Protein chains: 2
Amino acid sequence: MLYWDMAISPKIENRADLPHVVIIGGGFAGIATARGLAKKPVRVTIIDKHNFHTFLPLLYQVATAGLEPADVAYPIRTIFGDAPNVRFRHARVRLVDQRENRLVLEDDSVLAYDHLVVATGAIASYFGIPGASRYALPLYSLADARALRNRVLLALERAEVASEHSSVALHFVVVGGGPTGVETAGALSELIGIAIKRDGLDLDPSQVRVKLVDLAPRLLTAFPESASTYAKKELERMGVDIEFGRSVVEVEEHAIRFSDGERLEAAAVIWAAGVTASGTLAQDLQASPGPSGRVRVTPDLRVLESANVWAVGDAALVPADHESFCPQLAPVAIQSGKHCARQLLRVLKGEETEPFRFKNKGIMATIGRRAAVAKLPVGGVIKGTLGWVAWLALHLWYLVGFRNRLRVMINWTWRYFDWPSGPRLIVADAETAD
Amino acid sequence: MLYWDMAISPKIENRADLPHVVIIGGGFAGIATARGLAKKPVRVTIIDKHNFHTFLPLLYQVATAGLEPADVAYPIRTIFGDAPNVRFRHARVRLVDQRENRLVLEDDSVLAYDHLVVATGAIASYFGIPGASRYALPLYSLADARALRNRVLLALERAEVASEHSSVALHFVVVGGGPTGVETAGALSELIGIAIKRDGLDLDPSQVRVKLVDLAPRLLTAFPESASTYAKKELERMGVDIEFGRSVVEVEEHAIRFSDGERLEAAAVIWAAGVTASGTLAQDLQASPGPSGRVRVTPDLRVLESANVWAVGDAALVPADHESFCPQLAPVAIQSGKHCARQLLRVLKGEETEPFRFKNKGIMATIGRRAAVAKLPVGGVIKGTLGWVAWLALHLWYLVGFRNRLRVMINWTWRYFDWPSGPRLIVADAETAD
């Protein structure tokens, strides 16, 4: 067989006598952990229900037809193609049996581990608001992004056909004024504008409304006030309505209700209001998990009272100092994964572990083409085009794989120069396709 | 609103007093017809159940993870973004009411036409073989391509996990030795080779088998015998088993049965055995349609006994000369669409119509990287790398949109130089994703 090379056979390198580290989750934290263990004297198995890593910071671009799924997803096997000691298993975990040091998978097979790393990430939090989990559209997976894109493009198609443009058809509500909400609202406004201009949709632009609502009194509360003011001004320039101090009490199929009794009709309600640790797996690890279901860990990132189970990234309540915890952000996930890998190797060598220290390298959010805000670790804020270029460079840098970087770069160059923009495909799911 | 420009408003250009031409189908034939009518004194509405045109000759590349859906699909609205007299309607047609000159759509709305162009294309033909339509995987839409890709990649994942590699897990059968079958078998063999090599799958390559079966005594029967011999040699070099004179009598979920009683287990049966006119719409147009349900048309491509209903492309029994009919191929679809547009404009001006004449520009099929066969209209055959380059150039030329051409070119350049190849993503459909 032409494509087979015995020299890199995993059968040879993946020796059964080496300690077995199982990592649940192929997000930023899980991938960073596995990278730290690649080509080290351990056997590593990454388990994920998807065979690809998703670059979550760019999901909103997929949702708004700026990028394609393959631009922000990368097969996990390919990432570790040159690390014969790292394996991938396409599966879901049913339960963790800490006493027996093994996992039970959904197909009832059993996987034994010497060390377990829980990197199961986070999912959208609906705070128990009625209808929210059923009708609001989150943006936390590739499937979410595709669903949102289809909903928006179909709403435009339907609005054109409707004999009278009802107000519901062209109203979109984004709940949440953090980076995801700001980025999605900005990109959504751009998408609709481009769709009407480029695709010759017979729609009255004055009927289109993208509204961003938040309970907080300003956007991007993790940033200094000047960044919030700038983001608000830019979004408003792009036609986004912004309302602060709005508390959502119910989400319906095509409407949203606020605590003051107002009911707003909308073609789609996009949910960017916050996250909680993913699923019940992380919670089941300990009797009393931390806020948002995050796993409580020791300073070296081991699950409290465990010697060989670790938790990293959004699923873990990663300590920032003695009093507080790190936010659920990509840099924390990456740094905690790297730290976990180093400590795990120390434990295997019988050495003392070191506590995790988060290095703040700043935060960033983009608002539209040529507009972004970046907060530097030393307190400064970069705004506007320079911020956008910095945002672009950083995100490209972190994108897994040179091929993906190039693809995304090309797509963005296109967007920037305003050529026939974006693959506005409504790709139906299997049940409706034929 | 920033993105709105009254000068190109379809409301102004799309004057209600102009004759209304409705085209059903946004494939090669429908798009060619609409292009011929763009910026002419008619109102055009293209109806399709998808909002994009699919470049069918490259679907097998999407199915085998060489290209992404967005590489071979292009939004129909964007194609006609500069033609204000061409509109798009995202809908399915329930029935054609020829007496009243109107269509009834699936949402019960009614669309009146002055001229109707039926360009509904073709779908896989299963020849009434039991189980074939249910279990075999066709390759005639973007959804088909995604389904096939997921099936193949999941089969590899499952085979690795299985304690004993059962023969079913790594066997793939392609039914049909025409261009689609040859291209798919070759690309499938490449995909599996790359997946095992690049992704470190713990699979024994000698267990993998891609088998191509056909009833005919040779591959590519539309080509001269030397092309068939070459294609067979190349496919066999890539590890594809080829069996001629095999008649399929039944397809099961994971097996295929032949007329000689042999039953072959397989992870997937890919169906490339032939096509029939799509759906019942075309057939309902006339009491006795032609072979494979194709609509019988006059030499100017009007449906027999109709003055204002036309049929083009795979859905029509396009006359080649007095005795025979054109094959269901992309060049016929494109040329018949162009011809229909010209004749339709003549009819509107009160001029005589001209009969359709197919210009044979040759046919081509690719077998793998750097191997293809092309049959020239004057009878010559080009084989090997030169054939592959010709195939590449021609397909890139016909790809709609400069952006798509560039994307596909980049992907192929990558493939050619054998870098971490192809987006081998298993993108789940909505019902299984979370």
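In the predicted model, Glu305(B) is placed in the loop of chain B that runs between strand 19 (295-296) and strand 20 (309-311). The phi angle of Glu305(B) is positive, at about 70°, although the residue is not a glycine. Glu305(B) has 12 C-beta neighbours inside 10 Å and therefore counts as exposed, since the cut-off for that class is 12 or fewer.

A positive phi at a non-glycine position is also found in chain A, where Lys39(A) has a value of about 60°. Lys39(A) belongs to the loop between helix 2 (28-37) and strand 2 (43-48) of chain A. Because 13 C-beta neighbours lie inside 10 Å, Lys39(A) counts as partly exposed.

Chain A contains 13 helices and 24 strands. The chain has 434 residues, of which 51% count as buried. When contacts in chain A between residues at least 6 apart in sequence are considered, 64% of them join residues at least 24 apart.

Two domains are assigned in chain A, and each is given as two sequence segments: domain 1 covers 6-124 and 276-348, and domain 2 covers 132-273 and 362-416. The centres of domain 1 and domain 2 of chain A, taken over C-alpha atoms, are separated by 30 Å. The contact between these domains involves 21 residues from domain 1 of chain A and 25 residues from domain 2 of chain A. On the side of domain 1 of chain A that touches domain 2, the elements giving two or more residues are helix 3 (59-63) and helix 4 (69-72), together with strand 3 (52-54), strand 4 (73-75) and strand 10 (122-124) of chain A. Helix 3 of chain A supplies the largest share of this side, with 5 residues. By residue class, the side of domain 1 of chain A that touches domain 2 is made up of 15 nonpolar, 5 polar and 1 charged.

A further position in chain A is Leu392(A), which lies in helix 12 (residues 384-398). Leu392(A) has 17 other C-beta atoms within 10 Å and is therefore partly exposed; a residue would need 20 or more to count as buried. Leu392(A) is 14 residues from Val378(A) in sequence, and their C-alpha atoms are 20 Å apart in space.

Key. Residues numbered from 1 in each chain as written. Chains lettered and ligands numbered in written order. Predicted model: local features only at pLDDT ≥ 70, side-chain atom pairs only at ≥ 80, totals over all residues. Helix = DSSP H or I, 4+ residues; strand = E, 2+ residues; numbered from the N terminus. Domains from an automatic or database assignment. Contact = placed C-beta atoms within 7 Å. Nonpolar A, V, L, I, M, F, W, Y, C, P; charged D, E, K, R; others polar.
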